[in-house]
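Here is a friendly walk through one protein model, from a few selected residues out to the whole chain. Please keep the structure open as you read.

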Amino acid sequence: MSRICPEHCDLSPLQEKDERRRAQKVLDNAAKIGCKTTFVKANDIVAGNKDLNFAFTALLFNEHPALYVDDTSNQVEVATLLEDDNAECTREERVFQNWMNSLGIDAQVHRLLEDCKTAEPLLQVMEKLNPTVVNWKMVNKNPRVQIKTIENCNYMVECAKALGLHTVNIGGKDIHDGNAKLVLGLVWQLMRHDTMSLLERLGGSSKLSDSDLVQWANDRVQAHFNSSSRKVSSLSDPSIATSLFLLQLCESVTPGLVDWDIVTEGSTDEDREHNAKYVLSVARKMGCGIFLLWEDVVEVKPKMLMTFLGSVMAVQRQKAAPS
């Protein structure tokens, strides 16, 4: 925190010898920079609670990513490879969990289908996306019987409709029962809504489609690389598996960030994996909010790739915005 917000935080808490008091000072500093949390306590930090500390770190990153290129320098630090941790849940669930937790919701999600059965995490996410969409007076607090929990799930579906999400064939009981297909589909729509809303705020009120993102990416790459540029036809284009187009896109937004000496042609499975991991590292270094996994790139998962292009576009628009 002293690095990302030095004007508000310093290293003085390190002088505190008592571990619990030191941890409390960490939380006090977090509150100063807009990261006040109710789900992490000083004892959790001292005890090394992995899940809660991860969620706390995600909150800090979401509010203050502090990943930028210093405009006062003529040199751009070359991004290095980052390895993704192994996940116990499915890849898609892991992506959605990380995204939901990064929003700073109180009802932290560690088992997506199980934790969403109460609808509370989903309602909190919707409130983050649109502060007026949830009326908490309509929500049963701490329901002890199943019917009250299902009522909350039904209300959550109504809120999803109010956000403009597609909720055909989705009922509250489906959420309560942990219907994987419907829950994952709903969370995906929330994640897409978040990405597109950010882009609309940065670039005006016009709504964007996946094809708009693809056209923007092609135009950026063409303008920067000219004859050596690559082009994709859609988010399902098989050539994306090599990551070369995505790397060119990142380079077009932040010139000099990509170390082309370590980029391969992506002709083998091993090379494609290497490139995919590297492009995610590059994007994170640019300041992009990256939640997809390298497997999503090499397997060309359109939904996840949409979030990648959207995040890169957001960084580009933020750079282009008047200071």
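Ser243 is buried, with a relative accessible area of 0%. This is a predicted model, and Ser243 sits in its loop between α10 and α11. The phi of Ser243 is near 70 degrees, which is a positive value in a residue other than glycine.

Ala119 is not a glycine, yet its phi is positive, at about 75 degrees. Ala119 is found in the loop between α5 and α6, and with a relative accessible area of 0% it is buried.

The table below sets out the accessibility of some residues discussed in this report.

| Residue | Relative accessible area | Class |
|---|---|---|
| Ser243 | 0% | buried |
| Ala119 | 0% | buried |
| Leu247 | 0% | buried |
| Phe225 | 16% | buried |
| Trp260 | 33% | partly exposed |

## Helix α6 and its neighbours

Helix α6 covers residues 120-129 and is mostly covered, with seven of its ten residues buried. Those buried residues are Pro121, Leu122, Leu123, Gln124, Val125, Met126 and Leu129. Which helices do the buried residues of α6 pack against? They pack against α4 (91-102), α5 (112-115), α7 (146-162), α8 (172-176) and α9 (180-203).

Leu247 belongs to helix α11 and is buried, its relative accessible area being 0%. Leaving aside residues up to four places away in sequence, Leu247 touches Val258, Trp260, Val263, Tyr278, Val279 and Val282. Another residue to check here is Ala283: it is 36 residues from Leu247 along the chain, and the C-alpha atoms of the two are separated by 8.7 Å.

The structure holds one aromatic pair. The ring centres of Phe225 and Trp260 lie 6.2 Å apart and the ring planes meet at 85 degrees, so the pair is edge-to-face. This pair links distant parts of the chain, as Phe225 is in helix α10 (residues 210-225) and Trp260 is in the loop between α11 (244-253) and α12 (269-286), 35 residues apart. Are the two partners buried or exposed? Phe225 counts as buried because its relative accessibility is 16%, under the 20% cut-off.

## The chain as a whole

The protein chain has 14 helices and zero strands. Its radius of gyration is 21 Å, close to the 20 Å that the globule rule gives for 323 residues, so the chain is as compact as a globular protein of that length. Along the principal axes, its C-alpha atoms fill a box of roughly 65 × 55 × 40 Å.

Of the 323 residues in the protein chain, 47% are buried. Among the contacts with a separation of 6 or more, 57% come from residues 24 or more positions apart.

The accessible surface of the protein chain comes to about 17200 Å², and carbon and sulfur atoms hold 48% of it. As for charge, the chain carries 36 positive and 44 negative side chains, with the centres of the two sets 6 Å apart.

Conventions: Residues numbered from 1 in each chain as written. Predicted model: local features only at pLDDT ≥ 70, side-chain atom pairs only at ≥ 80, totals over all residues. Heavy atoms only, no water. Phe/Tyr/Trp six-rings, centres within 6.5 Å; stacked < 30°, edge-to-face > 60°. Helix = DSSP H or I, 4+ residues; strand = E, 2+ residues; numbered from the N terminus. Buried < 20%, exposed > 50% of the residue type's maximum accessible area, 1.4 Å probe, protein only. Rg over C-alpha atoms; globule rule 2.2 N^0.38 Å. Contact = heavy atoms within 4.5 Å. Areas by Shrake-Rupley, 256 points an atom, 1.4 Å probe, with all protein chains shown as cover. Lys, Arg positive; Asp, Glu negative; His and termini not counted. Charge placed at Lys NZ, Arg CZ, Asp CG, Glu CD.
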